[in-house]
Amino acid sequence: LPHSQRGGQKPIVLVGGGTTKVGDPSGKDASRQLLDEEAIASNIEGISRVFGRFLTFGEGPTDALLVNNDAWLSPLSYLAFLRDYGRHFTINRMLSFESVKQRLARESPLSFLEFNYMILQAYDFLELHRRHGATLQFGGSDQWGNIISGVELGRRADGAQLFGLTAPLVTTADGKKMGKTAAGAVWLNEDLLSPYEYWQFWRNTADADVGRFLRFFTELPQDEVEKLEALRGAQINDAKVVLANEATRMLHGEACLAEIQATAASLFAAGGGGGGGGTASLKRVKLSADEAAAGVPVVDLFVSLELGKSKSEVRRLVAGGGAKLNDVKIEDAALLISTASFEAASEIKLSAGKKKHGVVELAQ
């Protein structure tokens, strides 16, 4: 969308306040959780805030427009909708789409509500054309069937010539899809993933993916990308830093980079040690004086810092030698973090492996 806006087009960002109330035959085994109005409004606000960092919104001819499909879906009369648009869809055609076929082949639940999603998304395209003159819809390749349904509905209902453009879902060099699940999500909102963690995600890109990701996720000139992807050996890490800097700058702005780089230098430099300076960008928890005096189990702190999903996982991490306190291996999973653990410092660093870190701060 930013590229289309710079090319003189008017991007329309559609948020699914209406379709979120239904669900989507997305290929997942479990039906999507239905959200209440408050949760939907909160999600829309977060999505809108992120898009505002990449697009220019306003009243100009190429300024982006944010539209919520709840505006036309919620007021619909069911009988009138069936009469006017239901006749344009066939079950045969809907069953031919891959997302539906996969669910049926696995005998996974596919509710009538979800089955209606493609009809509603098709109707979205028709309404966007009628209200805002939209003629092209972008989407991931998994949305091809829904987009084509909209193209066909526009032709049948209004004689409109509409178009769809999809891109393959992004995979890593080893063929794994870049996840959207809670366990592997790369959140764009800083309250879900800190700017440092976002930067670190790109810094940890596999060597084979650096060139592609520089093209996909930055706006660097092609000749600069080619120079960076040509780096070999340890020098490829310089390209990863550029990737991390550029991707983070686009999302979170320039101001956070100095702090992130100071944190990274402290953590990744040879001999980089424990808590203190250079950890400002890391996730942190505070211990009160009373908590520190009594002692807090280190496994609890690992979980609080999201360095482990559960206490049992942290215990396995300790047993495997991957848990560290100020870069020193933790030998006992029963360790208590107390006032003495801080020595003369005001904070300590906990690490899970080489790439995940957090700070425990002693409240003053």
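1. Helix axes are lines fitted to C-alpha atoms over the stretch in contact, and the angle between two of them runs from 0 to 180 degrees between N-to-C directions. The model under review is predicted, and in it helix α11 (residues 210-217) packs with helix α12 (residues 222-229) at an angle of about 155 degrees. The axes of α11 and α12 lie 9 Å apart.

2. Angles over 145 degrees count as roughly antiparallel; α11 and α12 are therefore roughly antiparallel to each other. Their crossing is right-handed.

3. The contact between these two helices can be described by residue. From α11, Gly 211, Leu 214 and Arg 215 take part, and they meet Gln 222, Val 225, Glu 226, Leu 228 and Glu 229 of α12. By class, the residues of this contact comprise three nonpolar, two polar and three charged.

4. Helix α8 covers residues 117-132, a run of 16 residues. From its first C-alpha to its last, α8 reaches 22 Å, close to the 22 Å expected at 1.5 Å a residue. Just after α8, Gly 133 adopts a positive phi of about 75 degrees.

5. Is α8 mostly covered or mostly uncovered? The helix is mostly covered, with twelve of its 16 residues buried. The buried residues run from Tyr 117, Met 118, Ile 119 and Leu 120 through Gln 121, Ala 122, Tyr 123 and Asp 124 to Phe 125, Leu 126, Glu 127 and Leu 128.

6. Just after α9, Gly 159 takes a positive phi of about 65 degrees.

7. The buried residues of α9 are Gly 145, Asn 146, Ile 147, Ile 148, Ser 149, Gly 150, Val 151, Glu 152, Leu 153 and Gly 154. Which elements are included in what covers them? They include the helices α4 (78-85), α5 (91-95) and α8, together with the strands β3 (136-140) and β4 (163-167).

8. Gln 137 belongs to strand β3. Its relative accessible area is 18%; because buried means under 20%, Gln 137 counts as buried. Leaving aside residues up to four places away in sequence, Gln 137 touches Gln 121, Phe 125, Ile 147, Phe 163, Gly 164 and Leu 165.

Methods:
Residues numbered from 1 in each chain as written. Predicted model: local features only at pLDDT ≥ 70, side-chain atom pairs only at ≥ 80, totals over all residues. Heavy atoms only, no water. Helix = DSSP H or I, 4+ residues; strand = E, 2+ residues; numbered from the N terminus. Parallel < 35°, antiparallel > 145°, perpendicular 65-115°, else oblique. Left-handed = near helix turned anticlockwise from the far one by under 90°. Contact = heavy atoms within 4.5 Å. Nonpolar A, V, L, I, M, F, W, Y, C, P; charged D, E, K, R; others polar. Expected span 1.5 Å × (residues − 1). Buried < 20%, exposed > 50% of the residue type's maximum accessible area, 1.4 Å probe, protein only.
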